[in-house]
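Hello,

Here is the structure I promised to pass on. Have a look at it first, and my notes follow below.

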Amino acid sequence: MTNLKQTPLHELHLSLGAKMVPFAGYDMPVQYPLGVKKEHEHTRKQCGLFDVSHMGQIIVSGDKVAEALESLIPADLVGLNKGEQRYGLLTSTEGGIIDDLMAVNAGDHFYLVVNAACKEQDIAHLRTNLGSTHHIEVVDRGLLALQGPQAREVMQRLCPAACDLTFMQHGRFTIAGQEVWVSRSGYTGEDGFEISVAADACQAFAEQLLAAPEVEAIGLGARDSLRLEAGLCLYGHDMDMTTTPVEAGLIWAIGKPRRHGGERPAGFPGADLILHQVEAKDHTRKRVGLLAEGRAPVREGAPLVDAEGNQIGEVTSGGFGPSVGKPIAMGYVGREWEVPGTTVYAVVRGKQLPMTVAATPFVKPNYYRG
């Protein structure tokens with residue numbers, strides 16, 4: 001496939017022997033010679049470095065920027081202190097999810113990180129709705145994720161001050177003469193840091209991290225199995241424009257001040273439907289975790305049926321969970337099937353494979369909360 005975009009680490013991936021694949025319009029590493037399973041296990045036990053520079057990094061500035069962003073996002077952003085980060089959703093007027101993102105209160109502006117596949121539409125959405133009153137700037141920076149139980153030890157040698165951050169806190173630091181933006185967060189269920197660095201300094205910075213004995217380069221394959229075990233949604237798969245936050249199990253992303261009876265209720269696209277679902281709980285389907293009884297992997301798109309073969313839902317993400325030791329999945333089922341312990345069946349190559357509805361995450365999170 002031609003005309004794929006490249007991240008600032010493209011040459012480094014090739015030098016490390018990465019297998020490259022198209023992803024969200026970019027040429028990205030799916031795995032390195034270590035292999036997906038070992039990359040996954042290394043991240044859980046030690047520390048992995050991920051190139052996430054394909055994601056969109058956006059600065060929104062202007063008067064009362066938190067209030068402005070709350071007109072598009074149902075999170076409590078006004079209540080976010082400087083240096084704090086929050087997960088948020090861009091919602092549509094129909095109550096669907098346009099994208100999910102991270103939002104940082106950086107003092108005189110908000111710093112957003114959005115999904116690679118959605119960033120052009122997200123930027124257009126922000127400019128259409130806020131562009132007349134606020135400045136929307138897309139920043140050209142590399143973005144790295146250092147993830148795993150030994151991430152703190154690696155960061156301690158590089159930037160001790162960043163280790164004072166706790167989960168979902170953000171700070172600006174200078175490392176080797178470069179300003180870096182560091183958040184204590186990630187997409188693996190492990191402790192770790194997401195590090196924004198100038199594009200022209202990104203490769204040298206990544207090489208410095210990879211020189212640490214604890215660190216291995218990790219590709220998209222292991223990134224997917226790690227986030228699936230952590231019960232984290234992937235946009236375009238586990239949620240999309242046809243999914244409401246309540247159906248997706250993301251009620252917690254709707255800030256309490258934004259709900260009926262709160263200080264700043266509603267005021268975001270789709271609020272009538274979304275807040276009705278929050279209160280009435282009359283939505284007809286729900287995202288659930290699924291544990292396979294056998295060893296056969298169950299992939300995205302597999303129908304979910306009851307014992308009589310009647311379709312009751314569909315798998316949206318699935319694969320083998322190396323840390324769980326068996327195939328795992330997420331998907332949507334009718335509400336009567338959402339209770340953990342319920343048996344449903346995934347149809348794979350014409351066979352009905354039993355799966356047990358399970359709570360997520362599948363592994364215990366190891367976020368650093370101080």
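A salt bridge here is a side-chain nitrogen of Lys or Arg within 4 Å of a carboxyl oxygen of Asp or Glu. This is a predicted model, in which local features need pLDDT of at least 70 and side-chain atom pairs count only at pLDDT 80 or more, while totals for chains, interfaces and linings use all residues. Residues are numbered from 1 along each chain as its sequence is written, and side-chain values use heavy atoms, with hydrogens and water left out.

The structure holds 15 salt bridges. In one of them, Asp76 pairs with Arg264, with the closest N and O atoms 2.7 Å apart. These two residues sit 188 residues apart and link distant parts of the chain. Asp76 is buried at 15% relative accessibility (buried means under 20% relative accessible area, exposed over 50%, partly exposed in between; 1.4 Å probe, protein chains only). Arg264 also meets Glu263 in a salt bridge (3.6 Å, N to O), and Glu263 is exposed at 68%. Asp76, Arg264 and Glu263 belong to a salt-bridge network that also includes Glu70, Arg86 and Arg258.

Now for the nonpolar cores (sets of buried Ala, Val, Leu, Ile, Met, Phe, Trp, Tyr and Cys residues joined through side-chain atoms within 4.5 Å). The largest has 34 residues, of which Leu146, Val182, Ile195 and Leu209 touch the most other members. A second, separate core of 27 residues includes Met55, Tyr111, Leu226 and Tyr235.

Enjoy exploring!

Key
Helix = DSSP H or I, 4+ residues; strand = E, 2+ residues; numbered from the N terminus.
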